[in-house]
Amino acid sequence: MANEDVIRQELAAKFPFMADTIVIKRERRIFAEVPADRFMQVFSHAATSMGFTHLCTMTGLDEGENLAFVYHLARPDGTLLNLKLAVPKTAPVIKTVTHLFPGGIMYEREVVDILGVRVEGLPPGKRYPLPDNWPAGQYPLRKDWKPDMLDAVQFTKGEMNNG
Amino acid sequence: MAKVTIPIGPQHPALKEPESFSITLSGERIVEMDMRLGYNHRGVEKACEERSYIQAMYLLERVCGICSHSHSTCFIQAVEEIAGLQTPPRAQYIRTLFAELERIHSHLLWLGVAGHEIGFDTLLMYSWRDREVVMDILASLSGNRVNYGMNTIGGVRRDFTKEQLAEVLKGVDILEERTKYYIEVATEEPTLINRLSGVGSLSHKDAVRLGTVGPTGRASNVDRDVRRDDPYAAYKDLSFKVITDTHNDVYGRTLVRVGELMESYKMIRQIVAQIPDGPVTVKAPRKIPAGEAVSRYEAPRGEDIHYVKANGTDKPERVKVRAPTLANLPSVSTMLKDNNLADVPITIAAIDPCFSCTDRMIRVKGGSKKKNEVLSWESLRLFSIGWYLERGIDFGSLNKTMKKLDRK
């Protein structure tokens, strides 16, 4: 696992605050957790200087107190770097990565809709994937959300944008 | 000239699935395109959280009507990784065999759709007829044309005899011969070349920047293929080429797909020759220990990725699916810019957006006095010749005339 170790060492040397969280789960699979305030610095470094040129997708997670987001970055040699950040549910705000990966726009719109996070810098546009008349404040992928919660609320009218 | 914005979709004859495109035109020229997706959102990820792993696998197999094996394999690989299961090599080979058969059926289907979108319906009829060969292989091996239900946690559900695998090779020989003809059509037929060249251009830089995957990216010389870069199943044992092209347009995407068909035949021959003996499944626990894994898979349309998080129960904590079409759609606006309105259908079709194709029909009513009759290929052909003869169209004499013209 020479390749994976080189990546771990580079990340640990450059960003000592996250050194303990870097885990090599198997060949070509590296997971790491990054504090929210340093996330963009680490993400940009991986994308621009370490060869992780492809954003596969991002996964949103409901972890109780926090909303967590895992960015899956791939390198041409098949190595996948999974960078995770967590933000409190009381103020769920993350920053956009579309300046580095313009193709990631749909992934960000998706977490806005299904988990109710605000993505700073996400250009306005049509929402995805929920319907236009979906009621505000209903985030279906949060753990406490149940489909019958829709019975009690009014569906809105007209087209809604997000971002 | 004043700009006009026209809506295409969500329901529109030119689209095979619901998506809404809003296209701004200056005359015939496309200035801008905006899209609205999500009309087929079924809440599958949420539904998986309320189902056991094996139920979730069957549900995920139904995410897509064409890449059904892709999604179930991608998911099950992640689950097996979390559970630390060693899937037997024979099961890995069977998964790979189905993966390549699925790619053949998907690419031949695409070739037909592409032909149809440019008014070349003969190509549609030919390639869909030939696609039946691979559909029959899939049906005879798994019992189904789509949604094969091959996977289970820890392996596959069916094993095959040497004779069954030998039958597969017979089909592959026919398909290879037909594909050679399609390559000839794609490289020599001026109508096809002229219609597709320069349409839906996507530069290499844009293809990388927008994160395109699969044949869409490879036609813009993005040399990425999960099968080679991040090998799974039995791909590390197989030798194959990753087909790329530098045309950067719909024509390039056609060449990549027909080229990939030839590689798939090569791989299937290797699989049948090398498949190891042994069990096809290992015992899997009902409860999966806590953990997380990311699984990547090269579906016919490109990289499919599943993220699975387990919490120690028999139900997943989180399942995330990113199908290849979502990665490719942002590039469509760039492809369409400065193209003609008439190029919209073929350009959208060229990323091969996924739509369901689960209909099957082998029982034909009528045609003879028996109520329900199963027609063989030959009797169906004779039936259709007879049907036209009754209406005064004689293909027999037409064929003779064509042959005479050929000789001249």
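In which sense, left-handed or right-handed, does helix 5 of chain B pass helix 6 of chain B? The tour reaches the answer at its third stop. The model on display is a predicted one.

**Stop 1: chain A**

Chain A holds three helices and nine strands. Followed along the sequence, these elements of chain A come in the pattern α-β-β-α-β-β-β-β-α-β-β-β. The C-alpha trace of chain A spans about 55 × 30 × 25 Å along its principal axes.

Next, select A:Arg28, which sits in the loop between strand 1 (23-26) and strand 2 (29-33) of chain A. A:Arg28 is not a glycine, yet its phi is positive, at about 70°. Then move to A:Pro129, in the loop that runs between strand 8 (125-126) and strand 9 (161-162) of chain A. The peptide bond leading from A:Tyr128 to A:Pro129 is cis, and its omega is near 0°. Why are these two places worth a stop? They deserve attention because most residues other than glycine have a negative phi, and most peptide bonds are trans.

**Stop 2: where chain A meets chain B**

Show both chains in separate colours. How many residues does each chain bring to the contact? Chain A contributes 43 residues and chain B contributes 35 residues. Between them, chain A and chain B bury about 3,400 Å², with 51% of that area on carbon and sulfur atoms. Now select A:His54, A:Lys126 and A:Leu141 and show their side chains. These three residues supply 16% of the area that chain A buries against chain B, more than any other three residues.

**Stop 3**

Chain B is divided into domain 1 (3-36), domain 2 (44-358) and domain 3 (377-407). The C-alpha centres of domain 1 and domain 3 of chain B are 41 Å apart.

Select helix 5 (residues 121-142) and helix 6 (residues 162-188) of chain B; their axes come within 10 Å and cross at roughly 165°. Helix 5 of chain B is therefore roughly antiparallel to helix 6 of chain B. Here is the answer to the opening question: helix 5 of chain B passes helix 6 of chain B in a left-handed crossing.

Show the side chains where the two helices meet. Helix 5 of chain B brings residues including B:Leu123, B:Tyr126, B:Val133 and B:Ile137, while helix 6 of chain B brings residues including B:Val168, B:Leu175, B:Arg178 and B:Tyr182. By class, the residues of this contact of helix 5 with helix 6 of chain B are 12 nonpolar, four polar and three charged.

**Stop 4: helices 4 and 6 of chain B**

The axes of helix 4 and helix 6 of chain B come within 13 Å and cross at roughly 30°. Helix 4 of chain B is therefore roughly parallel to helix 6 of chain B. The crossing of helix 4 and helix 6 of chain B is left-handed. To see the contact, select B:Leu97, B:Ile104, B:Leu108 and B:Leu111 in helix 4 of chain B, together with B:Leu165, B:Val168, B:Leu175 and B:Tyr182 in helix 6 of chain B. The contact of helix 4 with helix 6 of chain B has eight nonpolar residues, no polar residues and no charged residues.

**Stop 5: helices 4 and 11 of chain B**

Helix 4 of chain B passes helix 11 of chain B in a left-handed crossing. Among the residues in this contact are B:Tyr93, B:Glu100 and B:Trp110 of helix 4 of chain B, and B:Arg257, B:Leu261 and B:Met267 of helix 11 of chain B. The contact of helix 4 with helix 11 of chain B has 13 nonpolar, five polar and five charged residues.

Conventions. Residues numbered from 1 in each chain as written. Chains lettered and ligands numbered in written order. Predicted model: local features only at pLDDT ≥ 70, side-chain atom pairs only at ≥ 80, totals over all residues. Heavy atoms only, no water. Axes fitted to C-alpha atoms, helices over the stretch in contact; angles between N-to-C directions. Helix = DSSP H or I, 4+ residues; strand = E, 2+ residues; numbered from the N terminus. Parallel < 35°, antiparallel > 145°, perpendicular 65-115°, else oblique. Left-handed = near helix turned anticlockwise from the far one by under 90°. Contact = heavy atoms within 4.5 Å. Nonpolar A, V, L, I, M, F, W, Y, C, P; charged D, E, K, R; others polar. Domains from an automatic or database assignment. Buried area = accessible area lost by both parts, 1.4 Å probe.
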